[in-house]
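Dear colleague,

I am passing on the structure we spoke about, with the sequence and the coordinates placed just below. My notes on what was found in it follow after that.

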Amino acid sequence: RDRSTLGDAVNRVRRLAVTPMRPLTEDEMKAFFEKLTKFVGENVRLLLDRPDGDWCFRLHNDRVFYMSVASLKIASSIPRDNLVCVGTCFGKFTKAGKFRLHITCLDHIAKFAKYKVWLKPTSEQSYLYGNHVLKAGLGRITEDTPQYQGVVVYNMADVPLGFGVTAHSTAECRKLEPTGIAAFHQADIGEYLRGEAELC
C-alpha cells in the first residue's frame with residue numbers, strides 16, 4: 001500500500017514541474033519519499049492532496065523545499081543565483097546521494113506521523129542537546145511501534161521536539177534497562193540554535 005502511495009506522490013510531483021527550481025530526478029524522488037514514508041507512512045499523499053490548492057516539492061542547492069504552486073510561480077521571477085529558499089526546507093541530499101531530513105520539516109511530519117514517543121520532563125534538555133532517548137526518559141510510546149521505525153518525539157504536553165528512529169519495539173522497550181537506548185536521535189529543535197547556518 002505504501003509503495004502504491006509512493007508512486008502516486010512521485011507522479012504528482014512530475015505533473016507540477018513548472019519553474020526554475022528544478023523537479024527532483026527519479027532517483028532523488030525515490031530517496032526522498034522513502035525517507036519521508038518512514039515517518040508518515042501512507043499519509044505522505046496528504047502533503048500533496050490538500051484542499052488549499054496544489055503543493056509540490058522542488059530541489060534548490062541540494063535541498064528539497066515544500067511549497068504551494070502559487071509560491072513557486074512567484075519565486076520563478078527571482079534569478080536562481082539570488083534565490084536562497086522558498087517554502088519549507090524538508091532536508092538535504094548528501095554528496096553520496098543520501099537524503100537527510102532537517103528539523104525545519106518537523107511541523108509537517110508531526111502532523112501526519114503514525115508513531116510517536118513522549119519524553120519525561122527530566123529528559124527534555126538532554127534530548128535537545130542531541131542525545132538519544134533512554135528508557136529512563138521515556139514517558140510513553142505508541143502501541144505496536146516496530147523496531148527501527150521513524151518516530152516524532154514529543155514532550156508530555158504534546159509539543160513536538162524532534163524526530164528519530166526507535167532502537168527497540170514497544171514490547172522490547174518495556175523490558176529495557178533504564179540506561180538502554182529506546183530511540184536514536186536524528187533531529188531536534190535545539191538545532192535552531194546549535195546549527196542555524198546549516199538549516200537553510
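Thr-166 has a relative accessibility of 0% and therefore counts as buried, the cut-off being under 20%. Please keep in mind throughout that this is a predicted model. Thr-166 belongs to strand S10, which runs over residues 160-166, and a polar atom of its side chain lies 2.9 Å from the backbone nitrogen of Gln-149. Beyond its neighbours within four places in sequence, Thr-166 is in contact with a set of residues that includes Ile-141, Thr-145, Pro-146, Gln-147, Tyr-148, Gln-149 and Val-151, and also Ala-182, Ala-183 and Phe-184.

One of those contacts, Tyr-148, sits in the loop between S8 and S9, and with a relative accessibility of 57% Tyr-148 counts as exposed. Its phi is near 60°, a positive value in a residue that is not glycine. Asp-144 is placed in the loop between strand S8 (138-141) and strand S9 (150-155); Asp-144 likewise has a positive phi near 60° and is exposed, its relative accessible area being 64%. As background, most residues other than glycine have a negative phi.

Turning to the helix H2, its 15 residues (26-40) should span 21 Å at 1.5 Å a residue, and the C-alpha atoms at its ends are 21 Å apart, so the two values agree. The buried residues of H2 are Glu-28, Met-29, Phe-32, Phe-33, Leu-36, Thr-37, Phe-39 and Val-40. Because these cover an arc of only 150° around the axis, they are on the same side of H2. In general, an α-helix has 3.6 residues a turn, so residues three or four places apart point the same way. Just after H2 comes Gly-41, which takes a positive phi of about 60°.

Not counting residues up to four places away in sequence, Ile-109 touches Leu-36, Phe-39, Val-40, Leu-101, Val-152 and Phe-163.

Definitions and conventions. Residues numbered from 1 in each chain as written. Predicted model: local features only at pLDDT ≥ 70, side-chain atom pairs only at ≥ 80, totals over all residues. Heavy atoms only, no water. Helix = DSSP H or I, 4+ residues; strand = E, 2+ residues; numbered from the N terminus. Expected span 1.5 Å × (residues − 1). Buried < 20%, exposed > 50% of the residue type's maximum accessible area, 1.4 Å probe, protein only. Arc of directions from axis to C-beta. Polar contact = N/O pair within 3.5 Å; in protein donor to acceptor, adjacent residues only side chain to side chain. Contact = heavy atoms within 4.5 Å.
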